Amino acid sequence: MEVPTSEPVSPARRAEEVLARNRRGDWTCPSSELYPHQWLWDSCFVAMGLARSDPARAAGELRSLLRGQWSNGLVPHMVFSPDVPDVGSRRIWQSTRHPEAPRDIHTSCITQPPLVAVAALRVGQALEPADRRAFLVEVLPKLIAYHRWLYRERDPHRRGLITLIHPWECGLDTTPPWMVALRRLPQPWWMRLVTGLRLARVVRFVRRDTRFVPAAERVSEDDGLRMLVLAHRARRSGFRLDRLPPDSSVQIEDLAFNALLVVSNRALREIAAELGEPIDAELGERFAATEQAFDELWDDRAGQYFSRDARTDALLTMPTVATFLPLWSGVTSAAQTERLLALLRDTVRFWPAYPVPSVPLDAPEFDPTRYWKGPTWVNMNWAIIQGLRAHGETDLAEELRRRTLDLVTQAGPCEYFSPLDGEGLGAEDFSWTAALTLDLLADPGGAG
Ligand code: DGY
């Protein structure tokens, strides 16, 4: 009798299966077990990855994300699934206490990298002309309201850069510059007791994430507790930047967030121009100011960009993968571009077997398996590929695309990967890895 041989599942097929499994009606959760709700930038990556193969679903993903938008314009970083009894997370926010928050669903009260306009533009490009117009007409006012909220609430002094109030807003949640800033904050007495007596490990028993993923791959208990304390403090100030007590808050002009905002501002301009409703001069000036402000985040001695403390104006000079995102924003001079490209190719720092590590290999904080402290992330690689293509660096972009796809082919669509040996880490079936894999497979050397 002939033994049936099972064909290895192709990365595209596996990605499609993950996106089908993580689908929750109109929206897609990042991972069924670990992240059962809807997240802002996750949904944007999912929509961009699905745009070619299923533009209608991609448009629905963004529409459903925007059902969480507040009347003041905020697009929250999380929209809670009504079917998941995750009381602990909801209690942190208590969004329905805010008159501007939606009444019928629970959301968080902070935001996340503002990629919605970028995703809307890409999804629009994939829709049939009539659907495209209807979709863009529907989302444009919501996108404008969101970008206005960002500038009004988070750049009140017109410095050009958006200030974030919590590391969850930057997307690279446990990235070293934020964790160092967090460690400098005065802690409540109980937190000092917990860390002093090394009791933080007890928290592991009540954590949700370590039920599914080894603790060594997740945020440490100390950092996790500090992030919770910060969220509770921000709640006391109504999550409003202008009400945060300066000495017990963190206020950072975040590099990754602002770099992605520039890309999104451009996408918003493009959508508005297509609909014949150009962005008004006031908002246009804010967009221009953000682009100009990037030079203030550049450290010429280090040859890279950093985030900045909004209260002290000090650059947070801890190198991370975020330094490459301005390549996509198109704000770098020729000399800055050259230095960033040399840094990216540096095998001792950012170009190991499976680039690009979220923290350079030679940094003291580098940990190849722990969340944003070293692993390679497909969304970062995807954004860097867009930047490389925008600068005509097609060979390097292609090399990075190939190595990124190798990772996913070998280890599956995991949340993140060891940059040293390519081991898959975090959630196993992660939606944005799956979606961006589809995009990278379908777009060898695309226009970016
Ligand atoms: C998070 O936890 O920051 C996510 O965006 C979910 O993937």
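Tutor: Contact means heavy atoms within 4.5 Å of each other. This is a predicted model, in which local features need pLDDT of at least 70 and side-chain atom pairs count only at pLDDT 80 or more, while totals for chains, interfaces and linings use all residues. Residues are numbered from 1 along each chain as its sequence is written, and side-chain values use heavy atoms, with hydrogens and water left out.

Student: Which residues does Q336 contact, leaving aside its neighbours within four places in sequence?

Tutor: Start with the location: Q336 lies in helix α14. Helices (H or I, at least four residues) and strands (E, at least two) are DSSP runs, numbered from the N terminus. Beyond its sequence neighbours, Q336 is in contact with D295, W298, Y305 and V331.

Student: With which side chain does the side chain of Q336 make a polar contact?

Tutor: A polar contact is a pair of N or O atoms within 3.5 Å; within protein, one must be able to donate a hydrogen and the other to accept it, and residues adjacent in sequence count only if both atoms are side-chain atoms. The Q336 side chain has such a pair at 3.2 Å. Its partner is the side chain of Y305.

Student: Is Q336 buried or exposed?

Tutor: Buried means under 20% relative accessible area, exposed over 50%, partly exposed in between (1.4 Å probe, protein chains only). Q336 has a relative accessible area of 8%. Therefore Q336 counts as buried.

Student: What does Q304 touch, not counting residues up to four places away in sequence?

Tutor: Q304 is found in strand β8, residues 304-305. At 2% relative accessibility, Q304 is buried. Its contacts are L297, W298, D299, P319, T323, L340, L343 and R349.

Student: Which residues are around the ligand?

Tutor: A residue is near a molecule or strand if one of its heavy atoms lies within 4 Å of it. The shell divides into six nonpolar, one polar and two charged residues. Ala, Val, Leu, Ile, Met, Phe, Trp, Tyr, Cys and Pro count as nonpolar, Asp, Glu, Lys and Arg as charged, and the others, Gly among them, as polar. The residues around the ligand are P30, Y35, W39, W41, D42, Q112, D173, Y371 and F430.

Student: How far is an oxygen atom of the ligand from an N or O atom in the side chain of D42?

Tutor: For W41, a ligand oxygen is 3.4 Å from a side-chain N or O atom. For D173, the value is 3.2 Å. For D42, the distance is 2.6 Å.

Student: How much of the ligand's accessible area does the protein cover?

Tutor: Accessible areas come from the Shrake-Rupley method with a 1.4 Å probe; for residues, only the protein chains shown count as cover. On its own, the ligand has 240 Å² of accessible area. The protein covers 92%.

Student: Which residue in β6 stands opposite L164?

Tutor: β5 and β6 (residues 252-253) pair in the antiparallel sense over two bridges. Opposite L164 stands I252.

Student: What is omega for the peptide bond from P355 to V356?

Tutor: Most residues other than glycine have a negative phi, and most peptide bonds are trans. V356 is found in the loop between α14 (334-345) and α15 (378-390). The bond from P355 to V356 is cis, with omega near 5°.

Student: What is the positive phi of D313, which is not a glycine?

Tutor: D313 lies in the loop between β9 (307-309) and β10. D313 is partly exposed, at 42% relative accessible area. Its phi is about 70°.

Student: How far apart in space are N22 and S32, C-alpha to C-alpha?

Tutor: N22 is in the loop between α1 (11-21) and β1 (23-24). A polar contact of 2.9 Å joins the side chains of N22 and S32. The two are ten residues apart in sequence. Their C-alpha atoms are separated by 5.8 Å.

Notes: Two strands pair if DSSP finds at least two bridges between them.
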